[in-house]
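This report describes how the parts of a predicted protein model meet one another.

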Amino acid sequence: MSKKIHVDLAERGYDILIGRDVRPGFSITGEKDVRVLIVSDSTVDRLYGDRYAEFLLSKGLEVRRAVVPAGEESKALSYVQKLYDEAMKAGLDRHSIIVALGGGVVGDLAGFVAATFLRGIRFIQVPTTMLAMVDSSVGGKTGINLPQGKNLVGAFYQPVEVAADLATLTTLSSREYASGLAEVVKYGVIWDARLFSLIEDNVRRVLDRDFDFLEGMVARCCEIKAEVVRVDEKETGVRAILNFGHTMAHALEKVLGYGKWLHGEAVAAGMVFAARVSVLEKGFAGDDCDRLENLLKNLGLPVSDADSGIKLSWTDIRDAMSSDKKGKSGIPRFVLAEKLGSVVFGCQIAEEMLEKVFAGKL
Ligand SMILES: NC(=O)c1ccc[n+]([C@@H]2O[C@H](COP(=O)([O-])OP(=O)(O)OC[C@H]3O[C@@H](n4cnc5c(N)ncnc54)[C@H](O)[C@@H]3O)[C@@H](O)[C@H]2O)c1
């Protein structure tokens, strides 16, 4: 069994296939002499590289593999250059395809290479982390980091297909898996209260990585992201709701030092912060705020900076929020919840209130 979601972006539209053992290449039919470069990281290549290369070879494609080290450090210009070299060695032309086999790092990096090599060649996402399946592989944001900050260079560039094989999740560490679940919970808060309740009622199945349950859950997240992206592909408006919890998350990641917390862990704590502010500013129900906190805890996620083992200073957090690239003129903007399943974006909040919520005084 598998589920198919269509991302409706007219001529740039594509399908996402989700299920156990789904394979990429379903959008390639009847073409001859297609060259494919599979880009992966060292961990994913070791686990799945042979399997996917063999599958694509069996479809009659010419396959070459390129591997970057596992980890965020590979989202760098030097690896873009390395991949251009690999693309040249593989003889990629305008009909060729880059397949990103891995998590968000590989997807963002390989997507950027695909967007720019020969002014853009086809690109297939094969996400292998929960975060990549529900978030980064869908929507067309590609990019790399600069020494000055994360995701500062990039392009909006849609894949031609996304093939999410749930079976790959079995080898993902519990910590990475839980980190991706933070984004799943986010969709419940910003869009779909039923999804939120469904996860609450099925925490065990989620933690057990029950494929039957995950298929519906991942598909629903992709459906929501696809709808948001359809309406606002380039984040000029409503796409900002996907940043629920992220204003504080980015600050936490920066102040704690990148790598101390995984992105989803910071998002989890950031969502609880945003929910608390929402109670005061938008009439979000206190009970729902507690439900959010409990759900995140049950999924094994942190809910405040104190869970890092370090109590952070407000001034450091405030300064980090002011330098966030998603703010305007140094003023951080928040996505706040009115009720489960409904949020507003672009909210500016008085600093005294933010400080008190951060200190746990409100
Ligand atoms: N483009 C977007 O819209 C978007 C959205 C959110 C995040 N991102 C980006 O995504 C990146 C984070 O992605 P991520 O959380 O997937 O991290 P990641 O790609 O670094 O993967 C996490 C770790 O898990 C390993 N791994 C991946 N799949 C595995 C598997 N099936 N089994 C065992 N190990 C596996 C990887 O080797 C890596 O060590 C960040 O760079 C972030 O900026 C992009």
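In this predicted model, 24 residues of domain 1 are in contact with 24 residues of domain 2, two residues being in contact if their C-beta atoms, placed from the backbone, lie within 7 Å. Domain 1 spans 2-170 and domain 2 spans 174-358; these bounds come from an automatic or database domain assignment. The C-alpha centres of the two domains lie 26 Å apart.

On the side of domain 1 that touches domain 2, the elements giving two or more residues are strand E1 (2-7), strand E2 (14-19), helix H4 (130-136) and strand E8 (149-156). Helices (H or I, at least four residues) and strands (E, at least two) are DSSP runs, numbered from the N terminus. H4 gives the most to this side, with 5 residues. The residues of this side of domain 1 comprise 14 nonpolar, 6 polar and 4 charged. Here Ala, Val, Leu, Ile, Met, Phe, Trp, Tyr, Cys and Pro count as nonpolar, Asp, Glu, Lys and Arg as charged, and the others, Gly among them, as polar.

Residues are numbered from 1 along each chain as its sequence is written. Because the model is predicted, local features need pLDDT of at least 70 and side-chain atom pairs count only at pLDDT 80 or more, while totals for chains, interfaces and linings use all residues.

H4 also supplies at least two residues of the shell around the ligand, as do helix H1 (42-58) and helix H3 (104-116). There are 28 residues around the ligand, of which Thr43, Gly103, Gly104, Thr129 and Ser136 come nearest; a residue is near a molecule if its C-beta atom, placed from the backbone, lies within 6 Å of it. The shell divides into 8 nonpolar, 13 polar and 7 charged residues.

Two helix pairs are compared below. Axes are lines fitted to C-alpha atoms, for helices over the stretch in contact, and angles run from 0 to 180 degrees between N-to-C directions.

| Helix pair | Angle | Distance between axes |
|---|---|---|
| H9 (246-256) and H12 (314-322) | about 115 degrees | 8 Å |
| H10 (263-282) and H11 (286-298) | about 175 degrees | 9 Å |
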